[in-house]
Amino acid sequence: MNIPTPHIEAKKGDFAKTVLMPGDPLRAKYIAENFLTDAKQFNTTRNMFGYTGTYKGKKVSVMGTGMGMPSIGIYSHELIQFYGVKNLIRVGSCGATQENARLGTILMAQGACTESNYAHQYNLPGTFSAIADFTLLKTAQEMAEAEGFPYIVGNILSSDVFYTETPEWKQWAKMGVLGIEMESYALYCEAARVGVRALGIFTVSDSIVTGEATTAEERQNKFTNMMKVALETAIRL
Ligand code: HPA
């Protein structure tokens, strides 16, 4: 396919090799304006804002993904296959399914489970285990450790359903799943298919176990910690 694509109006070379991917396009704008230097906007199609700027002198891009696997599937596919992006770091929020995944902790998704059919397109004779790139994961873990930010690494559930008729999180929790979000399984599939690197990191915004949620102020502070981890990882790739 030629660029621009149906969903991204950027030109060849507009993207850095590493793209940070929040779900909310206004988060992408906020990151560009508050964490990057000389950020230029290169996508407004469907208001899915995308920018490239620098962090500590290195080129980094940030672009929204929208919510859910169909949406992140489109953007990550086009970034990887048509714009040649090599490292994709999702920066999102998740709900905790374990007591030890405390509010405000940075959760790093070593693996992602799903009840979605996303991987059926590959015609595999079994179940695909979607995993993070080890280099990205190791670097992010080292950055969180160096900063002294609380973090936890493990498995997550990428769910298709936010408002569930039958909440099944307890069964996933029995298998050690730490948290629920809605995008990473598809991101890991898209990256695996072409052999590029992907990682999902999240701030734990609410607990499905206890019903607690972070305040807006707490969310902002913890978001800043997660962004620091993501950006320090990005410039080491
Ligand atoms: N479910 C799915 N996605 C989420 C949640 C949740 O509870 N919290 C933050 N993202």
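Biologist: How do the residues that line the second largest pocket divide into nonpolar, polar and charged?
Modeller: Ala, Val, Leu, Ile, Met, Phe, Trp, Tyr, Cys and Pro are counted as nonpolar, Asp, Glu, Lys and Arg as charged, and the others, Gly among them, as polar. A pocket is found on a 1 Å grid over the protein atoms alone, as an open set of points with protein on both sides within 12 Å along at least five of seven lines, whereas a set where a 1.4 Å probe fits but cannot get out is a cavity; lining residues have an atom within 4 Å of a point. By these rules the lining of the second largest pocket comes to eight nonpolar, seven polar and no charged residues.

Biologist: What kind of model are we looking at?
Modeller: Residues are numbered from 1 along each chain as its sequence is written, and side-chain values use heavy atoms, without hydrogens and water. Local features need pLDDT of at least 70 and side-chain atom pairs count only at pLDDT 80 or more, while totals for chains, interfaces and linings use all residues, since the model is predicted.

Biologist: Which strand gives the most to the lining of the second largest pocket?
Modeller: This pocket holds about 210 Å³ of space, where a volume is the space filled by probe spheres set on grid points joined across faces, edges and corners. Of its 15 lining residues, Ala119, His120, Thr127, Phe128 and Tyr185 are the closest to its centre. Strands (E, at least two residues) and helices (H or I, at least four) are DSSP runs numbered from the N terminus, and the one that gives the most here, with three residues, is strand S6 (residues 106-114).

Biologist: Which element supplies the largest share of the lining of the largest pocket?
Modeller: The largest pocket has a volume of about 980 Å³, and among its 37 lining residues Ser93, Phe162, Ile180, Glu181 and Met182 are the closest to its centre. Its lining divides into 17 nonpolar, ten polar and ten charged residues. The largest share, six residues, comes from S5.

Biologist: Which strand gives the most to the shell around the ligand?
Modeller: The shell, with a heavy atom within 4 Å of the ligand, includes Ser93, Cys94, Gly95 and Asp206, and it divides into five nonpolar, three polar and two charged residues. With three residues, the strand that gives the most is S5.
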